[in-house]
Amino acid sequence: MNGKSVYPPVSYMSSVHHTVFLFLRPMDATTGAAIDKQLNLCRLWIPGLVELHFGHSLALRDDGNDVEGDRPSHVIWSRHVSGSALEEYLFHPEHLALSALLKRQARRPAVALDSYHRGKL
């Protein structure tokens, strides 16, 4: 071998994306650390999971229009090698534990969006 990977970069592979818009109450450091730990367990143990990201939603910019609290506070985004990998992720015990942590912080139900991407992203 010439030292180069025989696999194309991940960005050139087909994948399924799962985006969840979350409406969470403010959380303390202990809850935040528990969520971070569970995210890492998901990354480590769930087969077919390529990427997993969690953070504050950009929709929270303070423009004074969120008086009803209807904008998501956080987003969790994941990329999977296939639709079957996404299905396995959704029912995997580590993901279910993460979901339980997030649901305890929820101020209203989450909104999920799945999309399929072929080839170059």
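User: Where is Tyr 89 found?
Analyst: Tyr 89 is in helix 2. One caution: the model is predicted.

User: Is Tyr 89 buried or exposed?
Analyst: Buried. Its relative accessibility is 1%, and the cut-off for buried is under 20%.

User: Which residues is Tyr 89 in contact with, leaving aside its neighbours within four places in sequence?
Analyst: Tyr 89 touches His 18, Ile 46, Leu 49, Leu 52, Ile 76, Ser 78, His 80 and His 95.

User: And how many residues apart are Tyr 89 and Cys 42?
Analyst: They are 47 residues apart along the chain.

User: Zooming out. How many helices and strands are there in the chain?
Analyst: Three helices and four strands. Starting at the N terminus, the order is β-α-β-β-α-α-β.

User: What share of the chain is buried?
Analyst: Buried residues account for 31% of the 121 residues.

User: What about contacts between residues at least 6 apart in sequence?
Analyst: Of those contacts, 80% join residues at least 24 apart.

User: Back to the helices. At what angle do helix 2 and helix 3 pack?
Analyst: About 55 degrees, and their axes are 5 Å apart. Helix 2 covers residues 83–91, and helix 3 covers residues 93–105.

User: Why give both an angle and a distance?
Analyst: Because two packed helices are described by the angle between their axes and the distance between those axes.

User: What do you call the arrangement of helix 2 and helix 3?
Analyst: Helix 2 and helix 3 are oblique to each other. Angles from 65 to 115 degrees would count as roughly perpendicular, and those under 35 as roughly parallel.

User: Which residues of helix 2 and helix 3 meet?
Analyst: On the helix 2 side, Tyr 89, Leu 90 and Phe 91. On the helix 3 side, Pro 93, His 95 and Leu 96. The residues of this contact divide into five nonpolar, one polar and no charged.

User: Now Leu 39. Which helix does Leu 39 lie in?
Analyst: Leu 39 lies in helix 1, residues 29–45. Leu 39 is buried, with a relative accessible area of 3%.

User: What is Leu 39 in contact with, leaving aside its neighbours within four places?
Analyst: Leu 52, Phe 54, Ile 76 and Leu 98. Separately, Leu 39 and His 95 are 56 residues apart in sequence, with 8.2 Å from C-alpha to C-alpha.

User: And Arg 104, buried or exposed?
Analyst: Exposed. Its relative accessible area is 54%, and the cut-off for exposed is over 50%. Arg 104 sits in helix 3.

User: How far apart in space are Arg 104 and Arg 25?
Analyst: 9.2 Å, C-alpha to C-alpha. Arg 104 and Arg 25 are 79 residues apart in sequence.

User: Last topic, rings. How many aromatic pairs are there?
Analyst: The count is zero.

User: What sits over the ring of Phe 23?
Analyst: The charged end of Arg 108, at 4.1 Å from the ring centre.

Terms used. Residues numbered from 1 in each chain as written. Predicted model: local features only at pLDDT ≥ 70, side-chain atom pairs only at ≥ 80, totals over all residues. Heavy atoms only, no water. Phe/Tyr/Trp six-rings, centres within 6.5 Å; stacked < 30°, edge-to-face > 60°. Lys NZ or Arg CZ within 6 Å of the ring centre and 35° of its normal. Axes fitted to C-alpha atoms, helices over the stretch in contact; angles between N-to-C directions. Helix = DSSP H or I, 4+ residues; strand = E, 2+ residues; numbered from the N terminus. Parallel < 35°, antiparallel > 145°, perpendicular 65-115°, else oblique. Contact = heavy atoms within 4.5 Å. Nonpolar A, V, L, I, M, F, W, Y, C, P; charged D, E, K, R; others polar. Buried < 20%, exposed > 50% of the residue type's maximum accessible area, 1.4 Å probe, protein only.
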